[in-house]
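Subject: A structure to look at

Dear colleague,

Please find below the structure I promised to pass on to you. Have a look at it first, and then read on for what was found in it.

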Amino acid sequence: MTTYKEGNTVRLEATFKTAAGVLTDPGTITLETLDQANVTNTYTYAGGGVTRLSVGIFYRDIVTIPGTYKYWFSGATGVTAADGAEFSVTPALV
């Protein structure tokens with residue numbers, strides 16, 4: 001599990017590819033996060049907090065406070081895929 005210091009901006013990123021390995025944009029992209037307070041937030045692409053970096057690559061930046069975070073990207077329509085991870089944040093003085 002990756003660890004960051006408190007106050008860092010963490011980029012949550014997902015890459016979407018076809019079965020042949022070609023980068024592509026799904027018609028729908030959703031990001032769900034579970035934060036240190038056990039609160040789930042949902043973001044979407046195109047006005048809902050997820051940004052397109054380039055074809056097939058999407059992200060959301062978050063500012064962190066101490067705790068454990070989980071996130072999950074999913075895509076549908078044209079390309080169905082999902083990817084996620086978990087990371088922790090330690091207090092800045094540690």
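Of the 94 residues of the protein chain, 29% count as buried, where buried means under 20% relative accessible area, exposed means over 50%, and partly exposed lies in between, with a 1.4 Å probe and protein chains only. Please keep in mind that this is a predicted model, in which local features need pLDDT of at least 70 and side-chain atom pairs count only at pLDDT 80 or more, while totals for chains, interfaces and linings use all residues. Residues are numbered from 1 along each chain as its sequence is written, and side-chain values use heavy atoms, with hydrogens and water left out.

The protein chain has 0 helices and 8 strands; these are DSSP runs numbered from the N terminus, of H or I over at least four residues for helices and of E over at least two for strands. The C-alpha atoms fill a box of roughly 45 × 20 × 20 Å, taken along the principal axes.

The hairpin of β3 and β4 has 5 residues between the strands, and N38 takes a positive phi near 65° in it.

The largest nonpolar core has 15 residues, of which L12, L31, V50, F73 and F87 touch the most other members; such a core is a set of buried Ala, Val, Leu, Ile, Met, Phe, Trp, Tyr and Cys residues joined through side-chain atoms within 4.5 Å. Two or more residues of this core come from each of β2 (9-15), β3, β6 (57-63), β7 and β8 (81-90). Leaving aside neighbours within four places in sequence, V50 is in contact (heavy atoms within 4.5 Å) with residues including I29, L31, Y43 and F73.

The side chain of S88 makes a polar contact with the side chain of T3 (3.1 Å). A polar contact is a pair of N or O atoms within 3.5 Å; within protein, one must be able to donate a hydrogen and the other to accept it, and residues adjacent in sequence count only if both atoms are side-chain atoms.

With best wishes

Note on methods:
Two strands pair if DSSP finds at least two bridges between them.
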